[in-house]
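Look at the structure first, then read on.

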Amino acid sequence: LRMPPVLLFSLMACLVSGCYDELCHPSSLLHSNVDNGRFESAAELDTRSSSASIAYQVIGMVDSGRPFVVHGVASSWIATNKWNHNYFRRILSENDLVSSTFATPLKPKFAVSDDVRNRSYYGAFINSLSLSETLREEYEYPSFVPESWVAAAGGNEWLHWGWSPCGAKRHMDLTCTSRISVQIRGSKLWRLYPILNSSELTRHKLESWSQILKPLFVNLTQGDALVWMPGWEHETEIVGKHESVSLSLHFLPDRSTLYQRTFALYLRKRVMENCAWEGP
C-alpha cells in the first residue's frame with residue numbers, strides 16, 4: 001500500500017461508516033435557502049497574479065480553514081476528453097480498488113443502460129501504483145498546491161462519476177487530510193458546513209471566526225477545483241444533462257495551520273482522534 005497506515009485507516013473508516021451514501025433524486029435541499037443569507041459563495045483564488053502571490057493566497061486560505069475555488073485547473077488535461085464511465089469500465093477492476101464503490105456496485109462489468117444511468121453514482125479509491133501512473137499521464141497535479149503536500153498525504157486518487165440528479169448525502173470525510181476536488185467533466189452543486197456553527201462558535205468564545213467559517217454554496221463547473229479542509233461537512237448534486245466526472249486528491253500542509261491549532265479539540269472529536277494536529 002502506498003498510503004500511510006493512519007491515513008489509509010481513516011479513509012476506510014469513512015467507507016465503513018457509510019459517509020458516502022448516494023442521493024439519486026432531485027434534492028430541494030441543495031437549491032433552497034441559497035439566497036436568504038444562510039449560504040455564501042466560496043472564496044476564489046486569483047490565478048492571474050504571480051506565482052509568489054498565488055502561493056501566498058493559498059497559504060492564507062488553508063491557514064484560515066475556509067474552502068475556496070480555483071477556476072480552469074483542468075482546462076488542458078487529457079482527462080477532460082477521455083475520462084468517462086466507459087473508460088473507467090475498461091481500466092478499473094476489483095483488484096485495483098480498496099473498496100468497490102460507495103453507491104452503485106462495480107460488478108457486473110459496470111453494466112449501464114439508460115434507466116440505470118439516470119440514477120447511478122460511482123466512486124472509486126485508487127490504491128494501485130500502476131493504475132495511478134496511468135491516470136497521472138492524463139491529469140496534472142494542481143500547481144497552486146505544492147506537490148510535496150499531496151505526496152505527504154499518500155498521493156492516492158479518488159474518482160467520482162455519475163449523472164443528474166445523483167450526488168452524495170451530507171457527510172464529513174473522516175480523514176486527517178485536506179482535499180482538492182477537480183471537476184473533470186460536467187457540473188456539480190456543493191453545500192459545505194463548517195465544523196462549528198455560529199452559535200457553537202459563540203458558546204466556545206470563538207466569535208472572531210464567525211465571518212470566516214460560514215455555510216457555503218458552490219456551483220463547480222468543468223475545469224474548476226474546490227479545496228476544503230478537515231471538519232467540513234458537505235453534500236453534492238450533479239446538475240445538467242452531461243455526465244459528471246471528478247478527481248479528488250488529498251494533501252497535508254507542511255506545517256500545522258491556524259485553523260488546525262484553533263479547532264484541534266473539535267477536529268479530533270468529530271473527525272479522527274489520532275490526527276497529528278497541534279492544539280489544546
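## Terms and basis

Two strands pair if DSSP finds at least two bridges between them. Helices (H or I, at least four residues) and strands (E, at least two) are DSSP runs, numbered from the N terminus.

This is a predicted model: local features need pLDDT of at least 70, side-chain atom pairs count only at pLDDT 80 or more, and totals for chains, interfaces and linings use all residues. Residues are numbered from 1 along each chain as its sequence is written, and side-chain values use heavy atoms, leaving out hydrogens and water.

## The sheet

Seven strands form an open, mixed sheet in the order β3-β4-β11-β8-β13-β6-β5. β3 and β5 (121-126) are the edge strands, each with a single partner, so one side of each has no neighbour in the sheet.

## Strand β8

β8 covers residues 178-185, and seven of its eight residues are buried (under 20% relative accessible area, 1.4 Å probe, protein chains only). β8 runs antiparallel to β13, joined by seven bridges. With β11 (residues 225-228), β8 pairs antiparallel over four bridges. I180 has bridge partners on both strands: L249 in β13 and V227 in β11.

β5 pairs with β6 (residues 157-162) in the antiparallel sense, over six bridges. I126 has E157 as its bridge partner in β6.

## Helix α3

The 14 residues of α3 (residues 51-64) should span 20 Å at 1.5 Å a residue, counting one less than the number of residues. The end C-alpha atoms are 20 Å apart, which agrees. Buried residues in α3 include I54, Q57 and V58. G65 follows α3, with a positive phi near 80 degrees.

Technical notes: Buried < 20%, exposed > 50% of the residue type's maximum accessible area, 1.4 Å probe, protein only.
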